Amino acid sequence: MEQENPRTYYERIQAETLSPYAMLSQNSRGRERPLEPCQIRTDFSRDRDRILHCKSFRRLKHKTQVFFSPQGDHYRTRLTHTLEVSQIARTIARALRLNEDLTEAIALGHDLGHTPFGHSGEEMLDTLLPGGFEHNEQSLRVVEKLEYDGQGMNLTYEVRDGIVNHKKDASPCTLEGRVVSIADRIAYVNHDIDDAIRAGVLQERDIPEACTRALGDTHGKRINTMILDVVEQSFSQPYIRMSEPIRERFDELRAFMFENVYHNPIAKSQEQKAERVIEELFNYYRTHAEELTGEYRKYLEIDGPERAAADYIAGMTDNFAVRDYERLFVPKSWMDAGN
Ligand code: MG
């Protein structure tokens, strides 16, 4: 008898052991361009690898989460946020016997389209770009069009669906996508509390008492409570959710963070400058589209100069945006001007 290859072995094991609500890779709606299946990896684990190896993924390490270009080594960046989301999502997916490969692929790709300077960069591009800008839609654009030198990564339907629908109130078509969506919120609320305490914006005792009582008084305990609650509520169910009491405290904690951290003057102190950088770069590249290269040039002809400028700027790291702004708008000393 011919030996079974590792991919079909795992597909069989997954079909035998995962929840009936899990998305099996052999049942995927597939890719836009047919691709010879891998001998070793399932389609979803192959997508996870494609995301991990792409350029946009590496750039996440120099993109702001909440605190701009953090000087301290212990603050989250968009990359470490992504890894925390992936870990929380995989823990939940495994406990619910959902497809961990699909979950991980969606988690690693969900923020690929994030702009430099966090949400203030996103909001500024949203104002500037006719038709608006949202990071989840941009993440989809990165994987479908911009990556692989403008060819797109040709990912499976379920991974792309989970990426574009990861925001609160969206409805991804798989439970794995819903796991990532809830893991994203669990991750950022908790690690932003941790970073805000580190930055001196917040103290542990400032957190509303009802939240501490219900969720725990440390970073680890809070994450644990939330994960356990999601698993308990959603096990063997066709949905992913938190219990009412935990969800209420979680929403309260999230509202508290918006009021005290995301809109806090210390965290926001650099925001106007960041917006200015984005605005000036956008206006520059919109009118100098001939300076765009590679994948950005390709979509200039198809989608116009505004869209191409937004793609280019959204792909920049915080550091690159600042350097490019300086290059374009800050006079050099006479000695350096020739370089
Ligand atoms: Mg996220």
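These questions and answers cover a metal site, a helix pair, pockets and a cavity in a predicted model.

Local features need pLDDT of at least 70, side-chain atom pairs count only at pLDDT 80 or more, and totals for chains, interfaces and linings use all residues. Residues are numbered from 1 along each chain as its sequence is written, and side-chain values use heavy atoms, with hydrogens and water left out.

Q: Which atoms coordinate the magnesium ion, and at what distances?
A: Donors are N, O and S atoms within 2.8 Å of the metal (3.2 Å for Na, K and Ca); water is not among the atoms, so sites may look incomplete. Two histidines give NE2, His81 and His110. Asp111 and Asp184 give OD, and the distances are 2.2 to 2.4 Å.

Q: At what angle do the axes of α7 and α15 cross?
A: Axes are lines fitted to C-alpha atoms, for helices over the stretch in contact, and angles run from 0 to 180 degrees between N-to-C directions. Helix α7 spans residues 135–150 and helix α15 spans residues 294–315. Their axes come within 12 Å and cross at roughly 115 degrees.

Q: How do the residues of the contact of α7 with α15 divide by class?
A: Contact means heavy atoms within 4.5 Å. Among the residues that meet are Arg141, Lys145 and Asp149 in α7, and Glu295, Lys298 and Arg307 in α15. Ala, Val, Leu, Ile, Met, Phe, Trp, Tyr, Cys and Pro count as nonpolar, Asp, Glu, Lys and Arg as charged, and the others, Gly among them, as polar. The contact has 4 nonpolar, 2 polar and 8 charged.

Q: Which element gives the most to the lining of the largest pocket?
A: On a 1 Å grid over the protein atoms alone, a pocket is an open set with protein on both sides within 12 Å along at least five of seven lines, a cavity is a set of points where a 1.4 Å probe fits but cannot get out, and lining residues have an atom within 4 Å of a point. The largest pocket has a volume of about 690 Å³. Of its 32 lining residues, His119, Glu122, Glu123, Phe258 and Tyr262 are closest to the centre. The top contributor, with 6 residues, is α6.

Q: What is the volume of the second largest pocket?
A: The second largest pocket is lined by 16 residues, with Asp169, Ser181, Ile182, Arg185 and Ile240 nearest its centre. α9 supplies the largest share, 4 residues. The volume is about 340 Å³.

Q: Which element gives the largest share of the lining of the largest cavity?
A: The largest cavity holds about 110 Å³ of space. Of its 17 lining residues, Ser56, Arg59, Val142, Leu146 and Tyr296 are closest to the centre. The largest share, 6 residues, comes from α7.

Key: Helix = DSSP H or I, 4+ residues; strand = E, 2+ residues; numbered from the N terminus. Points joined across faces, edges and corners; volume = space filled by probe spheres on them.
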